[in-house]
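The sequence and structure are shown below.

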Amino acid sequence: SVISVIETLSPEKFITDQNLCTEILHFFQETKGLAVLGVEWEIATEAARLRREIKNLRVPDSIQIATALTAKATTFITNDIRLAKLSIPGLKIISLSSIKKLL
């Protein structure tokens, strides 16, 4: 979701580190198998459904998960431990911390 791009590039350090900002943009734009989607009606209505069913799910998180579900993704990678604890049928949620432990 475009939410991932916004959240990743929001820290103040990117004001002075334009090279890193450009690298991250290239990652989102050029990584094979990775798609960044805008928020369309189908995603918006799926995000609303998720928020009705999952108490305390924030809007940005619901948009990201809804985007994954709408795009038929099988895996959702997050840095948010709260999201990693969710159980969503058809979507495997993996935390970055668990990936780091495997490396």
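A search of the whole structure finds one aromatic pair; rings of Phe, Tyr and Trp (its six-membered ring) pair if their centres lie within 6.5 Å, and planes under 30 degrees apart count as stacked, over 60 as edge-to-face and the rest as tilted. A pair of aromatic rings is described by the distance of the centres and the angle of the planes. The partners are Phe27 and Phe28, with ring centres 5.6 Å apart and planes at 75°, so the pair is edge-to-face. Phe27 is partly exposed at 46% relative accessibility, whereas Phe28 is buried at 13%. Here buried means under 20% relative accessible area, exposed over 50%, and partly exposed in between (1.4 Å probe, protein chains only).

The model is a predicted one, in which local features need pLDDT of at least 70 and side-chain atom pairs count only at pLDDT 80 or more, while totals for chains, interfaces and linings use all residues. Residues are numbered from 1 along each chain as its sequence is written, and side-chain values use heavy atoms, with hydrogens and water left out.

**Overall fold**

The protein chain holds seven helices and two strands, arranged from the N terminus as α-α-α-α-α-β-α-β-α. These elements are DSSP runs numbered from the N terminus: helices (H or I) of at least four residues and strands (E) of at least two. The C-alpha trace spans about 40 × 35 × 25 Å along its principal axes. Of the 103 residues in the chain, 32% are buried. Among contacts between residues at least 6 apart in sequence, 30% join residues at least 24 apart, a contact being heavy atoms within 4.5 Å.

**The largest pocket**

The largest pocket has a volume of about 1000 Å³. Its lining comprises 31 residues, and Ser4, Phe28, Leu34, Phe76 and Ile77 lie nearest its centre. Two or more lining residues come from each of helix H1 (2-9), helix H3 (18-30), helix H5 (59-70), strand E1 and helix H7 (96-102). By type, the lining divides into 15 nonpolar, ten polar and six charged residues. In this division Ala, Val, Leu, Ile, Met, Phe, Trp, Tyr, Cys and Pro count as nonpolar, Asp, Glu, Lys and Arg as charged, and the others, Gly among them, as polar.

The pocket search runs on a 1 Å grid over the protein atoms alone; a pocket is an open set of points with protein on both sides within 12 Å along at least five of seven lines, and lining residues have an atom within 4 Å of a point. Grid points are joined across faces, edges and corners, and the volume is the space filled by probe spheres set on the points.

**Two buried residues**

Thr78 belongs to strand E1 (residues 75-78) and is buried, with a relative accessible area of 7%. A polar atom of the Thr78 side chain lies 2.9 Å from the backbone nitrogen of Asp80. Beyond residues up to four places away in sequence, Thr78 touches Leu83, Ala84, Ile93, Ile94, Ser95 and Leu96.

Glu46 sits in helix H4 (residues 41-53) and counts as buried at 17% relative accessibility. The Glu46 side chain makes a polar contact of 2.5 Å with the side chain of Arg49. A polar contact is a pair of N or O atoms within 3.5 Å; within protein, one must be able to donate a hydrogen and the other to accept it, and residues adjacent in sequence count only if both atoms are side-chain atoms. Leaving aside neighbours within four places in sequence, Glu46 is in contact with Ala66, Leu69 and Thr70.

**Residues with greater accessibility values listed**| Residue | Location | Relative accessibility |
|---|---|---|
| Leu20 | Leu20: helix H3 | Leu20: 28%, partly exposed |
| Ala35 | Ala35: loop between H3 and H4 | Ala35: 55%, exposed |
| Asn56 | Asn56: loop between H4 and H5 | Asn56: 72%, exposed |
| Lys72 | Lys72: loop between H5 and E1 | Lys72: 68%, exposed |

Leu20 is in contact with Lys13 and Phe14, its neighbours within four places in sequence being left aside. From C-alpha to C-alpha, Leu20 and Arg49 are 36 Å apart in space and 29 residues apart in sequence. For Ala35 and Ile24, the C-alpha separation is 14 Å at eleven residues apart in sequence.

Most residues other than glycine have a negative phi. Asn56, which is not a glycine, has a positive phi near 70°. Lys72 is likewise not a glycine and has a positive phi of about 65°.

Note on methods:
1 Å grid on protein atoms, 1.4 Å probe; cavity = no way out; pocket = protein on both sides within 12 Å on 5 of 7 lines; lining within 4 Å.
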